[in-house]
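Please walk through this structure with me, from single residues out to the whole chain. Keep the model open beside the text.

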Amino acid sequence: MIKIDVKDKDVLVRVDFNVPIKEGKVSDDTRIKAAIPTINTLLDQGARKIILLSHLGRPLKALNEDGSLNVAKFSLAPVAPHLAALIGKPVLFVPYVSGPEAEKAVAEAPSGSILLLENTRFEAGEEKGKQELAEKWAKLGQVFINDAFGTAHRAHASNAILAGFFDAAHKSFGLLMQKEVESAQKVLNQPERPFTAILGGAKVSDKILLIENLLDKADNIIIGGGMAYTFMKAQGGKIGSSLCEEEKLDLANELVTKAKAKGVNLLLPVDSIAADAFAADAKTQLVMSNQIPDGWLGLDIGPEAVVTFSDAIKASKTICWNGPMGVFEMPAFANGTKKIAEAVAAATKLGAFSLVGGGDSVAAVNQMGLDDEVSYVSTGGGAMLTMLEGGDMPGISSIG
Ligand code: AMP
């Protein structure tokens, strides 16, 4: 249910159709599918016309040699027939981003139409958050729905700035955005305890703000993946050739000290699967994470770490997970991530709320077929990361 009156209104909907397109065809339609409940609900609630806005890629960063737009590569045209097939209704592609031609197409479309305008990022004013561009879009409808969680951390013309042209009775989140926001808030605002955050992935530097924000909220912070080795080295360990950010060693120690002071249980992997090369068929051995031999690199958490981490996860009532425990793309180093995904699924069965958000942990949970066994898998990598960091979310605050 969309909480505002849309009956007989032309409704502008900002969706996230930033999908991969290969040889003129959509190759992964997860994001298109995610927008369908909102579109159908608006039609069920009596909307007259649906006008969809989305960006696709970064067309202004990849212009043709003569400075023109690479329309063939960045047009949203292939998305219209794909959406039409999924939703079982015609979808009219409008090859204009904004302006009189777009207005004419909307005006001439019969009631009940679904229209998709061309890539919002074909206009330089989109990423600059230009008022004039947003104003042109605002003319196309009487109601604005923001369902593009993936760009909610940006103040672009087609999301936050466009929202400024509508009052509270004429703008709302779409259903996807509602779910994303509610899930993040469940974790961030008075989570049921114990609350365990699982953080992994390659670099500490990408996750500093996240760790700092969670230090004020979580009971346990589990650190795995490549980033764990910077912590190991900072604590005096030998990490061989494992991933390490030398300039973040002091920061890692500070975070450990802060965690202690705040009574947060910061868990690092005691053991690791080390490899003699960053390769799927490398030689491997089980080692203590603080005694990795020279020339070897930790590419996955070991069995003892799996047990410690899983025990903490299974005893939790709120879980948030961002980043894999190892190089899960290579089967030899996927076990830790798989076992952690299973622990999250088990905790969810026992009644915990689990949110998987941000980039590669989402890919990992999908790869392991456990996406249905966690409470929520976020569709917005960077946006969810920013939200969990406690950063600004203009796409959300502009709706209210
Ligand atoms: P991120 O985007 O920061 O979540 O990082 C995800 C990437 O981190 C994945 O591609 C993993 O392969 C990689 N990764 C995880 N663990 C390690 C590790 N121990 N060493 C190197 N890369 C890792």
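Pro 194 sits in the loop between helix H8 (175-188) and strand E9 (195-199). Helices here are DSSP runs of H or I with at least four residues, strands are runs of E with at least two, and both are numbered from the N terminus. The peptide bond that leads from Arg 193 into Pro 194 is cis. Its omega is near 0°.

A word on the source: this is a predicted model, in which local features need pLDDT of at least 70 and side-chain atom pairs count only at pLDDT 80 or more, while totals for chains, interfaces and linings use all residues. Residues are numbered from 1 along each chain as its sequence is written, and side-chain values use heavy atoms, with hydrogens and water left out.

Two other backbone spots deserve a look. Asp 8 lies in the segment before strand E1 (10-14). Its phi is near 60°, a positive value in a residue other than glycine. Glu 23 also has a positive phi, near 50°, and is likewise not a glycine. Find Glu 23 in the loop between strand E2 (21-22) and strand E3 (25-26). Are these residues buried or exposed? Buried means under 20% relative accessible area, exposed means over 50%, and partly exposed lies in between (1.4 Å probe, protein chains only). Asp 8 counts as partly exposed because its relative accessibility is 49%. Glu 23 counts as exposed because its value is 84%.

Now turn to buried positions. Val 79 belongs to helix H3 (residues 79-87). It is buried, because its relative accessible area is 0%. Which residues does Val 79 touch, leaving aside its neighbours within four places in sequence? The contacts (heavy atoms within 4.5 Å) are with Phe 17, Val 19, Ile 21, Val 26, Ile 32 and Leu 116. Asp 5 gives a sense of distance: Val 79 and Asp 5 are 74 residues apart in sequence and 28 Å apart in space, C-alpha to C-alpha.

Ser 310 lies in helix H12 (residues 303-314). Its relative accessible area is 7%, so Ser 310 is buried. Set aside the neighbours within four places in sequence, and Ser 310 contacts Lys 339, Ile 340 and Ala 343.

Strand E17 (residues 318-322) is next. It runs parallel to E18, and four bridges join the two. Strands pair if DSSP finds at least two bridges between them. Which residue in E18 is the bridge partner of Cys 320? It is Leu 355. Strand E18 (residues 353-356) sends Phe 353 and Leu 355 one way. Ser 354 and Val 356 point the other way. All four residues are buried.

Finally, step back to the whole chain. It has 16 helices and 19 strands. The C-alpha trace spans about 70 × 50 × 35 Å along its principal axes.

Of the 400 residues, 57% count as buried. Among contacts between residues at least 6 apart in sequence, 73% join residues at least 24 apart.
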